[in-house]
Each structure stands twice: as C-alpha cells, then as structure tokens.
Amino acid sequence: MSRRIHPAVVGAQPFQLTARETFDGPIFETEEGRRRLEAALSRYPTKQAALLPMLGFVQSVKGWIEPEDMVEVAEALDLTPAYVHSVATFYTMYNKHPVGRHFVQVCTNISCHLNRAEEVLRSFLAETGTREGETSEDGEFTVIEAECLGACGFATVVQVNDRYLENVTPDGVPEIVAKLRGARDGAAAGGPAAEGDA
Amino acid sequence: MAENGARADVRLTIDGVEVTVPSGTRVIEAAERVGVVVPRYCYHPGIPTRPAQCRMCLVEVEGRPKLEPSCTLQATDDMVVNTASDAARTARQAVIEFLLVNHPLDCPICDAAGQCMLQDYAYVTNQLESRVDEPKRIMGRDRISDDILYFADRCVICTRCVRFMRDVAEDDSLIVAQRGDKAYIDTFPGRELDNPFQGNIVDVCPVGALVHEDFVFKTRAWDMDSAASVCPGCPTGCNVTIDTKENQIVRVKPRHNAAVNSWWMCDYGRRHLVMTNRGVRADVPLVRDGEQLRPVDWATALDWVAGRIDALGSPGGSAVVSPDASNENLFYVERLLGRLGITGAAFIVPQGETAALPTVPTLKLRADRAANPAGAELFGGRRVDGLRNGASAGGLVVLDDELKGADEDFGGSADFFLYLGTRLAGAARNADAVLPIATFAEMDGTFTNFEGRVQRFHQALRPPGLARPGWMVLSRVLARLGDGEAVNDVRGAFERMAAEAPAFAGLTWDGIGLKGAAAAGSGAEAAGVAASAEADA
C-alpha cells in the first residue's frame, strides 16, 4: 500500500459538521456567521486572536477552508489574506482540500499497528471504494491514515469527523461504513463510541 | 539596558579579547567589534525582529549551563563569551547538518554560489559526506512577484524576507506556509508581492532561495566586478554596489548607509540603474563640417571647440543641463558658461510616483526622477518645466539632456551649439560639436542628494569608444582657453570644485569617503551629518 501523503492533511474537526448546505455565499453575512464572529471578538483582546476560532467555524460549516474563505476571514479580522493562509497551513487539522461528509481517520501508530490497523485502513478503502485521501464519488467518504489519536488503550482507533470509534477490527469495517452511509452525519455512527474532545 | 535608563558601558570578553560596548548591545554585535563574525541566518542588522530561530549564532557563555543565541543575548559586565568553543561548534555543525538534509546541493547552478552563507558555513564544518540516506523532499520553485523567483528547496526558513516585508516594509503579504520540513515562503495563493521595496528580500536572503529573475543564471558570483556607487534614480541617493560582468551591469544591491538608505533601496532604483547603460551611445567626437557632423579625434575636437569659443568671446546665450550630471560636470559646465556669458542653465526633472519605506524615514523614492537636481541648483541652474524652443542667438550649451520635445531646428539659430552627451539625441544633430561623455556608471564623481549630502560614486564600467568623463573633457576645453589645467582623475576635478564653489568648500575627496558628507549650508549640514562620524549602528 502506498504511503503517499495527500494534501488533505490529517486532522480532527474542531466543531461538529452541521448542515453545510445552508451556507452559500459569504459566511460572515449569515446570521450564524455574524453571531459567531461577534462572540469570538468579545472574548479576546485583539481581533487577530479570533483567527483560530473563526477558521474552525468555517471548517465546521464547510468541512474545509478554501482560499476565498481565508480572504473572508482576513477581512473580518483586519488581517492580510497571506497571514491567514500562513496560519491555516501551519495547523494540519484545518482541511485545505475538500473532504467527504464522513472524514475517516485511521490511526496506524504503534498500538493500532499491532492491532491490525493497516488492515482496518485497507478495509475502509475497499468498502468506500476510494484511495487514501480521495473523496468517494458520492461525496460521502474521505479515508486517511492518521498519526496517534491518543487512545492507545482502545486500538485500533478510528476517528469519524469528531467522534472516536474504538477497538475497530477489519471485519467490523463493512458494518461501520454501512451505518455511516445511512446516517445523517458522523454522530450516528455505531460502535462503542467515546466523545471526541476537539 | 542599565537601570534608570542610562546607557552605561559594559565590559566583556569575547574569544579572549576584552571589549567595551554600550549597555544593551547584543553579543553578536559586540563580537563584530573585535572582528568575530558569529555565523547567522535569521539575524539581520536592518530587521528589527530577532526570533533567534536559526540557532546558528549560539555561543558559549562561561557560567551558563546552555548555549545562548548571541543575536538576542545582551552583553553584560564581566561576561566571558566563547564563540568557537567545542560546544558552540558542535551545535552549529548540527544545525548545518539538519539544513543540508533536504538541501539540493545544486551549488553548480545556484546564483548564490560563492556568496552563500549556507555554502560558507557548511564548508567550515568540514563534513564532506551526508549521514542521511533518506530521499530528499523536493518542492521546486515558485514566483513570488513579477521579478522574484523562489527556489524552495534551497531555503533555510530564516524568515528574513518575511520579516523584512512585515516589520520593515509593513506589508504583511509574504509568509511562511506549512511547517516543519514542508515549510516554504509564500504569498497568498494567486497573488504576487506588489510593494515598491520588495526587491530587498532578495538581498537579505542568506542563500540562493530568492533570486531576481533578471539575474538568474546570468553569472557566477566570482566572475563579477563590483563598484561602490550611488543610485541615480531619485535625489535620495541610495548608496549601492554595482556588480558588472563583461562591461554590463548585471546586478545592483543596496550598500549600507545609516544616514541615507539604511540597508535598503527601492525597486524603481534597481531597475532604473540596470537600464542606465542601454541604448545607442555617442562614442566619438563630432564637429560640424558644412551640412555634416564629421567624426574626429579628441585633440582635433577640443582644439576646434576651444577655437570657436575663443572667437565668440562672451555672446551670452542659453544652456540646458541634465539633472543627472555629476557635481564635477556641472561645475565645469558652469565655468564654461561663465566664459560664454551665459547664466542660469535650465534643467528639466522628470517626475514620477513617490514611495516611502514606513520604518526608514530617510529612504523615499522621491518625485524627482534624477540624481542631482540639488547639484544643478547649487551651480546656478534653473528648474524649468519643459524645453524652450525658438530662436536664441549667442552660445547654446547642452550637457547630457536628451532634448525631449525639441523642435526639429532646435538650436539652429545659435551662433555656436555645443552638445556634450552620452547619447546622440535627435536635436543634438543640429549641434556644431558633439562631445561624447561617460555616464555616471562609467566614471568617478559625486552627486548632491536632496538634503545636500555630497556622495561619491565610482567607475563600474568602461565608457564606449572615445567617450570620456565630462569633467575630463571640459577641463581640457577650459585649459585651452587658459582657465585652469586639464585634469585626468576625479580628485583633481573635485579639488578644483571644492576650492572654487562655495557650497563644496572644505570638502575633500578622501574626507567624503564612501558614506558622503554635507555640502556647506545644506539641510544635511544643519542636521549634523558629518563626513566620518557616522556610526554604522
């Protein structure tokens, strides 16, 4: 299996994905956008300090952050787009490329590796019919290999959007994928799930 | 900084040499006073921020458990610093080894080779083979602006360029993207740098990562000749170094002068200077022979011109001088005009957009697009908006003005039309004599900047054909008329000017040095600009 690193870099979602279709056009001109921006600005001494929460908010509604969003955030916070680009690319958990509705990250670090994480990953790729980092044609899945997710006691760990699936085995993958397909979003995924702490 | 804000001196020992420096001085700068240049990447004396991130300038301080970055470490009394101890050297070697993990080692095709701080320091570590057998990560190159290329693989992420743009130019449009071994310098996707001072990021780059496109692959560093000069783009007079190869200007870099341009110069100046010597040049003396201008040798031309002037006496007339002419040229022209009874040479200064570097108040691209309008004024010139056409009898002398907007018969009614020029302008074909002179880059001389600072420039190029410096030519014409002696080097010209022109009284060629001195009664003199007392802080 190739280990190429896809530009859709590994990362958890800081916010639960919500109905992203409702956000067409400028994000900070929507009711929700304005509310979030004001809340963030009131919390910090400088506008610049609100950058990470605002990028997180954008990702939570769109699933990823594209250059136009960076320009919007920059304008809202009196920063240069270049600076926002710098910050957004520094943090790997901001997706700079589109991902599927279910963003599946399979941990392959040592504990998970010893518990057949590579097979789990292959199984996810086979079930979703994608290559690593690729988004499935129906826009449902992006599967990606992750570094340690910090739940080594429950290997193999798989993160779907902001939820953890623990003790995943290669055989259990088809059922997980089937449930995810039926679910409105990652929150309804089966398995013994623990709340992810974003 | 000493208590209660006083700037006391501190005494410390660096590599066994005692040195006294003002309190607050950083060790990296104190070391330079004893001739020790601590290796550095991220530190640049012209950039205010010091992130101490490159870890190259680590030094050992006796009594301290860890190595300290000398760029941020303040010198204190009785500090004993060792810049080349085993620990310091080992640390430096480790930094170099890490930098070389992904460096392409493409020195044979890199424009910085020979002037590269990575090459220099890597050479010093004497580690001839890499211990890394992993494949290198490859990133390629990018365009940062319309004329600056970025070779990402060569970059050491010292962030000098980013901090120049952010902290000196106050234009936060160049950033570090990604992180770790994937980090690279970038603008916002789809946008390019657009700042009138952005060219300086190439100068601060310690390696070959940022290169001007008009310089890329043009020459090896060791094949260039260099001359200290002054930018003629505007009356600020930024101090520059002109690099030439095979008698062509290939690169212009700012030369440090704390009182004028600090470490920087504008892009307009850079481009303007590179273009200085383009175009078809006047390279042989011409004298009128009926309808024709006949090429002659210098002796013939000078005798002929002197003879004509001698015969004319003092008929009055008019003159046009270039505000790009050197002080010496303007001085000699004024002498010649005096001889002809002409007063108040006209000069025309092209105008352009201004630009300022926010954190360096002395450095501005000024609206006047000429090197020496202040000098032209000192020698009695009158600033005019445009060329005055029409008939005027008597003498007509033109010094290197290209006579834009001149009528076809410009100067036709003058009794004697003398044209001294670097190029044969259209209307110059009406002249009775054309004497080819050198551009500023082809001779030694001085300019007077906007605040009256007299600055030396040195010959970078050979003049084409028979062209010679204006002061050399004019001193010979005047010598034939019994006024002074023919001078062969700029010292002679400058000394005569200093002796006879009140504005230059007291100045000497050596006294001006490479950093300039104030003309008498100028704004620069009032501001206390001294010839030699300038600190390079």
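Of the 198 residues in chain A, 42% are buried, where buried calls for 20 or more other C-beta atoms within 10 Å of a residue's own, exposed for 12 or fewer, and partly exposed for anything in between, with C-beta atoms placed from the backbone. Keep in mind that this is a predicted model: local features need pLDDT of at least 70, side-chain atom pairs count only at pLDDT 80 or more, and totals for chains, interfaces and linings use all residues. To find your way around, number residues from 1 along each chain as its sequence is written, with chains lettered from A and ligands numbered from 1 in the order in which they are written.

Chain A holds seven helices and five strands; these are DSSP runs, numbered from the N terminus, with H or I over at least four residues making a helix and E over at least two making a strand. Now look at contacts, meaning pairs of residues whose C-beta atoms, placed from the backbone, lie within 7 Å. In chain A, 67% of the contacts with a separation of 6 or more are between residues 24 or more positions apart.

Let's stop at helix α2 of chain A, residues 51–62. This helix has 12 residues and reaches 16 Å from its first C-alpha to its last, close to the 16 Å expected at 1.5 Å a residue; the expected span is 1.5 Å times one less than the number of residues. Which residues of α2(A) are buried? They are A:L51, A:M54, A:L55, A:F57, A:V58, A:Q59, A:S60 and A:V61. The buried residues of α2(A) pack against α1 (31–43), α3 (67–77) and α4 (81–90) of chain A.

Next up is strand β1 of chain A, residues 102–107, where six of its six residues are buried. In a regular strand the side chains alternate between the two faces of the sheet. Here A:H102, A:V104 and A:V106 point one way from β1(A), while A:F103, A:Q105 and A:C107 point the other way. Which strands does β1(A) pair with? Pairing takes at least two bridges found by DSSP between two strands. β1(A) runs parallel to β2(A) (residues 141–146), over six bridges, and antiparallel to β3(A) (residues 158–160), over three bridges. You can follow both pairings from A:V106, which stands opposite A:E145 in β2(A) and has A:V158 as its bridge partner in β3(A).

Now hop over to chain B. Here 12 residues are in contact with nine residues of chain A. The side of chain B that touches chain A has six nonpolar, four polar and two charged residues, counting Ala, Val, Leu, Ile, Met, Phe, Trp, Tyr, Cys and Pro as nonpolar, Asp, Glu, Lys and Arg as charged, and the others, Gly among them, as polar. Chain B has 13 helices and 26 strands, and 49% of its 537 residues are buried. Its C-alpha atoms fill a box of roughly 85 × 50 × 35 Å, taken along the principal axes.

An α-helix has 3.6 residues a turn, so residues three or four places apart point the same way.

Last stop: an open sheet of eight strands in chain B, in the order β15-β14-β23-β22-β21-β16-β17-β20, with mixed pairing. Why is one side of β15 (292–295) and of β20 (382–383) left without a neighbour in the sheet? Both stand at the edges, each with a single partner strand, so one side of each has no neighbour there. At the β20(B) end, two bridges join it in parallel to β17(B) (residues 346–347), with B:A346 opposite B:R382.

How values were computed:
Two residues are in contact if their C-beta atoms, placed from the backbone, lie within 7 Å.
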